[in-house]
Amino acid sequence: MMLHCNSLLKHVNRSWLRKIRAVNAAYTTRVSSGPPVYLVVGGVAGGATVSARMRRNSDKAKIVMFERGQYVSFANCGLPYYVGNVIKDERKLLVASPDMFTKRFNIEVRNESNVKSIDRKNKQITIENQGKTYTESYDKLILAVGASPIRPPIEGMDCNGVFSVRSIENSRAIRDYMDKLPSSRKKCAIVGAGFIGLEMAENMVHRGYECTVIDGLPHVMGIMDHEMVIPFHRVLTEHGIRLLMNEKLQAIKNKNKSTDALPELQVVTDSQQVIDADIVILGLGVLPENQLAKECGLELGTRGSIKVNKQMQTSDADIFAVGDAVETYHCVSNTPINLALAGPAQQQARLVADVITGVYPTDTYRGVQGSSVCAVFGEILATTGLTMTQLQRMGSIPGRDMNNICA
C-alpha cells in the first residue's frame, strides 16, 4: 500500500510539474518571441527573493539583478547587533553572495551598479558602473529599490559622527567611528524611538555607552498603544537609558570648531533642551525610494510610494514593484499603506515571480496586517492588525463602525 501511494505521489508531482512548465512556456511566448528577459533593480528581501523564485519557475529566462551597493543579500535586521558587537563577524550578516546566485541559480548579479533611468517606451534601463553607462532591454522589469533613512533638512545633518543605520556600510562606519573615540567619550544620543532606535539603544548600552533616546511622541514605539509600551519604558530606564519624549529634533551642533579633532556634538530639541553626545544615531524612519519611478512617470501613492495593483503591477503593465518602496493596502482597514518590513517584501516578491513566469498568473496579494516584533533587554513587544492609536488617527474605515472597534 505504501509503495502504491509513493508511486502515485511521484506521478502527481510529475503531472503537476508538466502543467507548470506548459503554462510557463505559453506565458513566456506571450511575453517575448525568445527567452524572456527579466531585470530586477535592487536586492535584499525583495529583489533577491523575486530573482531566485523566477529561476525556480523558469529555467529559460535571462534574469539580471542590479544592486547599487556591494552586498546583494544581507540580514538588515542584524545591523544594530553588528554595531553592538553581538554579531562580531560581518560575514555572518551575509545571506547570499553574487557568486552563489550565479552558480546555484544562473542569475547574473551586477553589484555596485546604479540604475539611473527607465525608458518605458523602448523598455530599457540605463545603468552606471565605475563611471561608465550602458543600457539593457527588458521584457519585464521589477523594482525592489527599497527606502532611504529620513534625514531632516536641519542644521548638523552633515556633521561627522551623525549616522543612519540602513546598510552594512553604515554599520561598519559606525563601528569604525566608535573605535576612534577615546574610552572617556561614551555618550550616545539616539533620535527616534522606533525599531531601529530601541535596538540601537540596547546595543550601544552593550558597548558601554550612556544613551539618551529622543522622540517627538509621548512614548516609544509610537505605533503602539501607550499602555502596551509601559513595560518597555521601565526596562529601558532600568538599563540606564534616558528617555526624552515629546521632544523634537531641532538641530545638531558641534562645540569643537577644530576640523582635525573629533566633534563634540550637541543635540538641540524644540524645547531647547541640549544633550551632549559623542555619537548621534538617527532612527527617524524611512521614505520610499521613488526617484526612478517618478522620473519615468509611474503613478505614485501614499508617502510618495510606488502605486501598484493587487498583482504588484505598476501603472506600466511591464513594470512590477515590491518591498519598502510600494503602496499596498492594509487587509484590516482596506486602506492604502506603505509598510517597510522584510516579511511583506518577500511575500510580494514570490507573488510577482509566480505571476510573471505564468505559474500562478491570476494570483493576487492579500495585503498586509502590519505584524512586527521588537525585543529589547529580554522584553518582547509585538503587534498585528491595527492598534487603537492607528484607528484613532484614521478616524474612519469605510463600512466599519469605529465606535464598536474602539470601544
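Residues are numbered from 1 along each chain as its sequence is written, and side-chain values use heavy atoms, with hydrogens and water left out.

The mean pLDDT of the chain, that is, the predictor's confidence in each residue from 0 to 100, is 89, and 88% of the residues reach 70 or more. Over residues 1–31, however, the pLDDT is below 50, and this stretch has 17 contacts in the model beyond near neighbours in sequence; a contact means heavy atoms within 4.5 Å. Where pLDDT is low, the predicted coordinates should not be read in detail.

The chain holds 11 helices and 25 strands, taken as DSSP runs numbered from the N terminus (helices: H or I, at least four residues; strands: E, at least two). Of its 407 residues, 49% count as buried, meaning under 20% relative accessible area with a 1.4 Å probe, protein chains only.

I turn to the sheet. Five strands form an open, parallel sheet in the order β5-β2-β1-β9-β21, where pairing requires that DSSP finds at least two bridges between two strands. At the edges, β5 (108–111) and β21 (319–321) each pair on one side only. Strand β2 (residues 62–67) pairs with β5 over 4 bridges in the parallel sense, and V64 stands opposite E108 in β5. Helix α2 (residues 44–57) packs on this sheet, touching β1 (37–41), β2 and β9 (140–143).

Two further helices deserve attention. Helix α7 (residues 226–238) has 13 residues, which at 1.5 Å a residue should span 18 Å; its end C-alpha atoms are 19 Å apart, which agrees. Its buried residues are V229, F232, H233, V235 and L236, and they pack against α6 (195–206), β14 (242–244), β24 (372–376) and β25 (379–383). After α7 comes G240, with a positive phi near 85°.

Helix α9 (residues 342–357) has buried residues including P344, A345 and Q348. G358 follows α9, and its phi is positive, near 85°.

Definitions and conventions: This is a predicted model: local features need pLDDT of at least 70, side-chain atom pairs count only at pLDDT 80 or more; totals for chains, interfaces and linings use all residues. Buried means under 20% relative accessible area, exposed over 50%, partly exposed in between (1.4 Å probe, protein chains only). Axes are lines fitted to C-alpha atoms, for helices over the stretch in contact, and angles run from 0 to 180 degrees between N-to-C directions. The expected span of a helix is 1.5 Å times one less than its number of residues.
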